[in-house]
Amino acid sequence: MAHAQRSPLSLLNTDGRAHPRENALAFVTLALGLVAVLSGFFTGLHALASWVGLVGVVVGGWGQMVSATTGERFLLVIGMGGSALGLYLGIVNGGFLS
């Protein structure tokens, strides 16, 4: 019996329709959260962590408003959590300005 190959994006498009803009917002938010939280652990990168974290929270919030499936919302929440943590660590280590 032949099985159809599932792409990784099919886990996000559970309603059977493609959502390229919403999927892109989810992955961008996830990437911003990763950069923010990793740079937040270094005190010299506090400005980067603060700004990237703030942008990640805003992009993730917008993505939550336009998301269509639960998979997209799942990635958005994880990305927003990382962005918020990176934002917090960046502010604690020195804030937005050098």
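User: What percentage of the contacts in the protein chain with a separation of 6 or more is accounted for by residues 24 or more positions apart?

Analyst: The model is predicted, so local features require pLDDT of at least 70 and side-chain atom pairs pLDDT 80 or more, whereas totals for chains, interfaces and linings use all residues. Residues are numbered from 1 along each chain as its sequence is written, and side-chain values rest on heavy atoms, without hydrogens and water. A contact means heavy atoms within 4.5 Å. Among contacts with a separation of 6 or more, the share from residues 24 or more positions apart is 74%.

User: In what order do the elements of the protein chain run from the N terminus on?

Analyst: Helices (H or I, at least four residues) and strands (E, at least two) are DSSP runs numbered from the N terminus. The protein chain has 3 helices and 0 strands. From the N terminus on, the order of elements is α-α-α.

User: What percentage of the residues of the protein chain count as buried?

Analyst: Buried means under 20% relative accessible area, exposed means over 50%, and partly exposed lies in between, with a 1.4 Å probe and protein chains only. The protein chain has 98 residues, and the buried percentage is 39%.

User: Are α2 and α3 roughly parallel or roughly antiparallel?

Analyst: Axes are lines fitted to C-alpha atoms, for helices over the stretch in contact, and angles between N-to-C directions run from 0 to 180 degrees. The axes of α2 (residues 46–66) and α3 come within 7 Å and cross at roughly 150 degrees. This angle makes the pair roughly antiparallel, because angles under 35 degrees count as roughly parallel, over 145 as roughly antiparallel, 65 to 115 as roughly perpendicular and the rest as oblique. The relation of α2 to α3 is therefore roughly antiparallel.

User: How many nonpolar residues does the contact of α2 with α3 have?

Analyst: The crossing of α2 and α3 is left-handed, a term for a near helix turned anticlockwise from the far one by less than a right angle, clockwise being right-handed. Residues in the contact include Gly53, Gly56, Gly60 and Gly63 of α2, with Ser83, Gly86 and Gly90 among those of α3. Ala, Val, Leu, Ile, Met, Phe, Trp, Tyr, Cys and Pro count as nonpolar, Asp, Glu, Lys and Arg as charged, and the others, Gly among them, as polar. By class, the contact has 12 polar residues and 1 charged residue, and the nonpolar number is 9.

User: How do α1 and α3 lie to each other, roughly parallel or roughly antiparallel?

Analyst: The axes of α1 and α3 are 7 Å apart, at an angle of about 30 degrees. The crossing of α1 and α3 is left-handed. At that angle, the two helices are therefore roughly parallel.

User: How many charged residues are in the contact of α1 with α3?

Analyst: From α1 the contact includes Glu22, Asn23, Phe27 and Gly40, and from α3 it includes Glu72, Leu75, Ser83 and Asn93. Its residues divide into 13 nonpolar and 9 polar, and the charged number is 2.

User: How far apart in space are Leu75 and Asn23, C-alpha to C-alpha?

Analyst: Leu75 belongs to helix α3 (residues 70–93) and is buried, with a relative accessible area of 14%. Beyond residues up to four places away in sequence, Leu75 touches Leu12, Ala26, Phe27 and Leu30. Asn23 lies in helix α1 and is buried at 5% relative accessibility. Although 52 residues separate Leu75 and Asn23 in sequence, their C-alpha to C-alpha distance is 9.2 Å.

User: Is Gly40 buried or exposed?

Analyst: Gly40 is found in helix α1. Leaving aside neighbours within four places in sequence, Gly40 contacts Ala49, Leu89 and Asn93. With a relative accessibility of 3%, Gly40 counts as buried.

User: What is the relative accessibility of His19?

Analyst: His19 is placed in the segment before α1. Apart from neighbours within four places in sequence, His19 is in contact with Asn13, Ala68, Thr69 and Glu72. His19 counts as buried, its relative accessibility being 9%.
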